[in-house]
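Subject: Structure handover

Hi,

Here is the structure to look over. My notes follow below it.

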Amino acid sequence: MTETLVIRMMEEGDLARVVELERELQHFPWSETHFRDSLGAGHYAWVVEAEGWPVAFAVVMLVVDEAHLLDIGVARDFQHQGIARRLLDHIYACVNEVGAVWILLEVRPSNEVALNVYERQGFSRIGRRKDYYPAAQGREDAIVMTKHLP
């Protein structure tokens with residue numbers, strides 16, 4: 001299936017589907033307003049389409065020479081097919097073209113699948129943000145990870 005993928009910039013018309021994916025994937029999802037505000041602020045945002053239908057997305061904020069991966073998700077039916085890896089590779093190339101030499105992200109310690117993906121992609125753990133994420137019972141820390149872009 002992954003050979004029929006198209007990665008393109010996110011458009012306003014994608015928001016309903018992206019929000020649907022976000023709700024499917026996250027216990028504390030971004031709202032449509034979060035995504036709309038990111039697009040309005042000029043953040044980089046992409047969708048991955050399979051047969052014309054968004055199945056993954058990512059939002060990145062660029063600050064000087066650092067790209068901050070704010071949100072990323074792959075529809076459950078499309079996970080474990082290399083889509084996250086292909087999307088991340090695309091992000092690296094795009095942000096590197098506009099001057100980013102680092103990419104930074106936060107991830108929940110409880111999200112072992114994401115931690116493994118990022119570590120396989122060459123990210124290193126550099127710190128923790130205490131009580132960063134909302135959780136079912138209080139707050140959860142975030143592991144801060146970074147990767148140098150060639």
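The largest pocket is lined by 45 residues. Those nearest its centre are Gln26, Ile72, Asn111, Ala114 and Tyr118. (A pocket is an open set of points on a 1 Å grid over the protein atoms alone, where a 1.4 Å probe fits, with protein on both sides within 12 Å along at least five of seven lines; lining residues have an atom within 4 Å of a point.) Helix 1, strand 4, helix 3, strand 5, helix 4 and strand 6 each give two or more residues to this lining. Strand 4 gives the most, with 7 residues. (Helices are DSSP runs of H or I, at least four residues; strands are runs of E, at least two; both are numbered from the N terminus.) The lining divides into 23 nonpolar, 13 polar and 9 charged residues.

Before going on: this is a predicted model, where local features need pLDDT of at least 70, side-chain atom pairs count only at pLDDT 80 or more, and totals for chains, interfaces and linings use all residues. Residues are numbered from 1 along each chain as its sequence is written, and side-chain values use heavy atoms, with hydrogens and water left out.

Next, the core. The largest nonpolar core has 43 residues. (That is a set of buried Ala, Val, Leu, Ile, Met, Phe, Trp, Tyr and Cys residues joined through side-chain atoms within 4.5 Å; buried means under 20% relative accessible area, exposed over 50%, partly exposed in between, with a 1.4 Å probe and protein chains only.) Leu69, Ile91 and Tyr118 have the most contacts inside this core. Among the elements that supply at least two residues are helix 1 (15-25), strand 4 (66-74) and helix 3 (83-97).

Now the rings. The whole structure holds 6 aromatic pairs. (Rings of Phe, Tyr and Trp, its six-membered ring, pair if their centres lie within 6.5 Å; planes under 30 degrees apart are stacked, over 60 edge-to-face, the rest tilted.) Trp30 and Phe35 form a tilted pair, 4.9 Å centre to centre with 55° between the planes. Both Trp30 and Phe35 are buried. Tyr92 and Phe123 also pair: their planes stand at 50°, so the pair is tilted, with centres 6.4 Å apart. Tyr92 is in helix 3 and Phe123 in the loop between helix 4 and strand 6, 31 residues apart.

Last, the backbone. Glu51 is not a glycine, yet has a positive phi of about 55°. Glu51 sits in the loop between strand 2 and strand 3. Its relative accessibility is 66%, so Glu51 counts as exposed.

Best wishes

Technical notes
Nonpolar A, V, L, I, M, F, W, Y, C, P; charged D, E, K, R; others polar.
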